[in-house]
Amino acid sequence: MKKILWFSMMVVGFVLTGFAAGMPQAAAIEGIHYDGYTYALDAASGALKWKTLTGASSTAPLMDAARGRVYVASSNGKLTALNITTGGVAWDYDSGAPILTSPALSMDGQTIFLGNEDIQAVAVSAANGAEV
C-alpha cells in the first residue's frame, strides 16, 4: 500500500502542497506562488528542483500519483498539467474564466473536475486535458 501525505498551507502568498512515500519524487514539496510560477522544492534541503510558469493561483494544486502529475488551476482560467518530476507541461486547458476552486480527480483517476468564475462546471480528461 502506498502511503501519501497531503497538506496545504498558505504562507505569505505561497500555497504549499506536499506528499511523501509512494510518489516517484517522494522528497518534494510543490508550491504555487502569486507570481504565477509553480515551484517544486526538495523537502530535505529546501533547494529548488524546478519552477514552471502556470499563472497566479489561490487554490491548492491537485496531485495525481498514478500519472506522476500535478494539476494547477489558475486565475487566468487555465488548468495546467505538469510532470511532477521535471515541471514540464504535459497539457493545458483554457476554461475561459478564472478558476477559483481547487480541481478534483474522479475516483477512477480519469477525469478532472473544476469550476470557474463564469459559474461553469467543467470536466476534462486527466490524460490529455480534452473536455469531456
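View 1. β11 (111–115) and β12 (121–125) run antiparallel and are joined by 5 bridges; strands here are DSSP runs (E) of at least two residues, numbered from the N terminus, and two strands count as paired if DSSP finds at least two bridges between them. Within this pairing, Ile-112 stands opposite Val-124 in β12. The hairpin has 5 residues between its strands, and Ile-119 in the turn has a positive phi of about 60°, although Ile-119 is not a glycine. Most residues other than glycine have a negative phi. Ile-119 is exposed, with a relative accessible area of 80%, where exposed means over 50% relative accessible area, buried means under 20% and partly exposed lies in between, with a 1.4 Å probe and protein chains only. By contrast, β11 is mostly covered, with 4 of its 5 residues buried.

The model is predicted, so that local features need pLDDT of at least 70 and side-chain atom pairs count only at pLDDT 80 or more, while totals for chains, interfaces and linings use all residues. Residues are numbered from 1 along each chain as its sequence is written, and side-chain values use heavy atoms, with hydrogens and water left out.

**View 2. The open sheet of β6, β7, β8 and β9.** These 4 strands form an open sheet in the order β6-β7-β8-β9, with antiparallel pairing. Strands of a sheet pair through backbone hydrogen bonds, either parallel or antiparallel. The edge strands are β6 (62–64) and β9, each of which pairs on one side only. From one strand to the next the twist averages 15°, an angle taken between N-to-C directions on a scale from 0 to 180 degrees, with axes that are lines fitted to C-alpha atoms. β6 and β7 are paired over 3 bridges, and Met-63 has Val-70 as its bridge partner in β7. β7 is joined to β8 by 5 bridges, among them a pairing of Val-72 with Thr-80 in β8. β8 and β9 likewise pair over 5 bridges, and Leu-79 stands opposite Tyr-93 in β9.

View 3. In the hairpin of β8 and β9, which has 5 residues between the strands, Gly-87 takes a positive phi near 85°.

**View 4. The nonpolar cores.** A nonpolar core is a set of buried Ala, Val, Leu, Ile, Met, Phe, Trp, Tyr and Cys residues joined through side-chain atoms within 4.5 Å. The largest nonpolar core has 13 residues, and those with the most contacts inside it are Tyr-71, Leu-79, Trp-91, Tyr-93, Ile-112 and Val-124. At least two residues of this core come from each of β7 (69–73), β8 (78–83), β9 (89–94), β11 and β12. Another core, of 7 residues, lies apart from it and includes Trp-50, Met-63, Leu-82 and Ile-84.

**View 5. The surroundings of Tyr-71.** Not counting residues up to four places away in sequence, Tyr-71 touches several residues, including Pro-61, Leu-62, Asp-64, Leu-79, Trp-91, Pro-103, Ile-112 and Ala-126; contact means heavy atoms within 4.5 Å. Of these neighbours, Leu-79, Trp-91 and Ile-112 are also listed with Tyr-71 among the residues with the most contacts inside the largest nonpolar core.

**View 6. Ala-47 in the loop between β4 and β5.** Ala-47 is found in the loop that lies between β4 (37–42) and β5 (48–53). At 39% relative accessibility, Ala-47 counts as partly exposed. Leaving aside neighbours within four places in sequence, Ala-47 is in contact with Ala-40, Leu-41 and Asp-42.
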